[in-house]
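Subject: Structure handover

Hello,

Here is the structure I promised to pass on. Please open it first, then read my notes below.

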Amino acid sequence: TDVQGHIKFKDVSFGYNNNGLVVLENFNLEIDPGQIVAIVGPTGAGKTSMISMLLRFYDPWQGEVSLDGVNLKDLTLESLRSNITLVLQDSFIFPMSLADNIAFANPNASREEIIKAAKAAQAHDFISRLPEGYDTIASEGGVSLSGGEKQRISLARAFLRNTSILILDEPTSALDAQTEARIFQSLSSYSKGRTIFIISHRLSTIRHADLIVTIKDGMIAEKGTHEVLVNEGKVYAELYKY
Ligand code: GTP
Ligand code: MG
């Protein structure tokens, strides 16, 4: 596709029901194509809500969200969603081989491409150790995977899909810090040129993001690189202490 991945939230306010609480207020954020953006903030701050609007699971009450200068409402859902890959905390594994699980959205992928995606997701080593390797059938009568293994399979699936925009909403919560850090390291080379959103509570692993955005009380509290935000000594610096 010819999507660049330039994303803009302009004066967005949003809540879940019209009489209810405002979740995001006066939310303004512009992301250049190809950036790795980390979204940080306390639980309930509105991180997942913000991401949900990108996929149009919900629309803003006011303001607009645009992709490459086009209001998302003026795109078809199909074209919008075919350019965005979303990985959530709860990964889904289909009762089929691990190779087919990874290639689920790309049935024509070669074994080589599948392995490359699995390596980027830190899944290749554990898959290779299984007697049937990539041909191992997952669940329902087959091998049962740990939570962290499932997360890495679903990350490999997302990496292989190779869309202009990749959103990772705490997809590595079951992984140890070192594995998570390795995945994020390979992400910058594997998904070069893609706009990537990473939501993670583990700040040590997102410190190399091009841009870190902290959300507090429904608004952007601050944004910048790790070094800048630590020096500012405000929300991010406070979160980083713990
Ligand atoms: P964590 O994932 O816990 O780190 O939080 P988050 O920053 O992703 O917050 P999220 O966007 O999920 O929630 C923001 C606010 O919206 C919270 O007050 C939630 O209770 C509320 N909220 C989230 N999802 C829904 C929903 O589906 N319906 C309603 N009514 N409220 C919701
Ligand atoms: Mg969330």
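Which residue has a side-chain N or O atom 2.5 Å from an oxygen atom of ligand 1? That residue is Thr43. Before going on, please keep in mind that this is a predicted model.

**Ligand 1**

There are 13 residues around ligand 1. Those that come nearest are Thr43, Gly44, Lys47, Thr48 and Ser49. Lys47 uses its side chain, where an N or O atom is 2.8 Å from an oxygen atom of ligand 1.

**Helices H4, H6 and H7**

Next come three helices. H4 covers residues 111–120, H6 covers residues 147–161, and H7 covers residues 177–190. I take them pair by pair.

*H4 with H6.* Their axes come within 8 Å and cross at roughly 120 degrees. Angles from 65 to 115 degrees count as roughly perpendicular and those over 145 as roughly antiparallel, so H4 and H6 are oblique to each other. Their crossing is right-handed. On the H4 side, the contact involves Glu113, Ile114, Ala117, Ala118 and Ala120. On the H6 side, they meet Ala156, Phe159 and Leu160. By class, this contact has seven nonpolar residues, one charged residue and no polar ones.

*H6 with H7.* Here the angle is about 10 degrees, and the axes lie 12 Å apart. An angle under 35 degrees counts as roughly parallel, so that is the term for H6 and H7. H6 brings Arg152, Leu155, Phe159 and Leu160 to the contact. H7 brings Thr179, Ile183, Leu187 and Tyr190. The contact of H6 with H7 splits into six nonpolar residues, one polar and one charged.

*H4 with H7.* How do these two cross? The angle is roughly 135 degrees, and the axes come within 8 Å. H4 and H7 are therefore oblique to each other. Lys116, Ala117 and Ala120 of H4 make the contact with Ile183, Ser186 and Tyr190 of H7. Four of the residues in the contact of H4 with H7 are nonpolar, one is polar and one is charged.

**Asn71**

One last spot. Asn71 sits in strand E5, residues 70–71. Which residues does Asn71 touch, leaving aside neighbours within four places in sequence? They are Glu64, Val65 and Ser66. With Glu64 there is a polar contact of 3.4 Å between the two side chains.

Best wishes

Conventions:
Residues numbered from 1 in each chain as written. Chains lettered and ligands numbered in written order. Predicted model: local features only at pLDDT ≥ 70, side-chain atom pairs only at ≥ 80, totals over all residues. Heavy atoms only, no water. Axes fitted to C-alpha atoms, helices over the stretch in contact; angles between N-to-C directions. Helix = DSSP H or I, 4+ residues; strand = E, 2+ residues; numbered from the N terminus. Left-handed = near helix turned anticlockwise from the far one by under 90°. Contact = heavy atoms within 4.5 Å. Nonpolar A, V, L, I, M, F, W, Y, C, P; charged D, E, K, R; others polar. Near = heavy atom within 4 Å. Polar contact = N/O pair within 3.5 Å; in protein donor to acceptor, adjacent residues only side chain to side chain.
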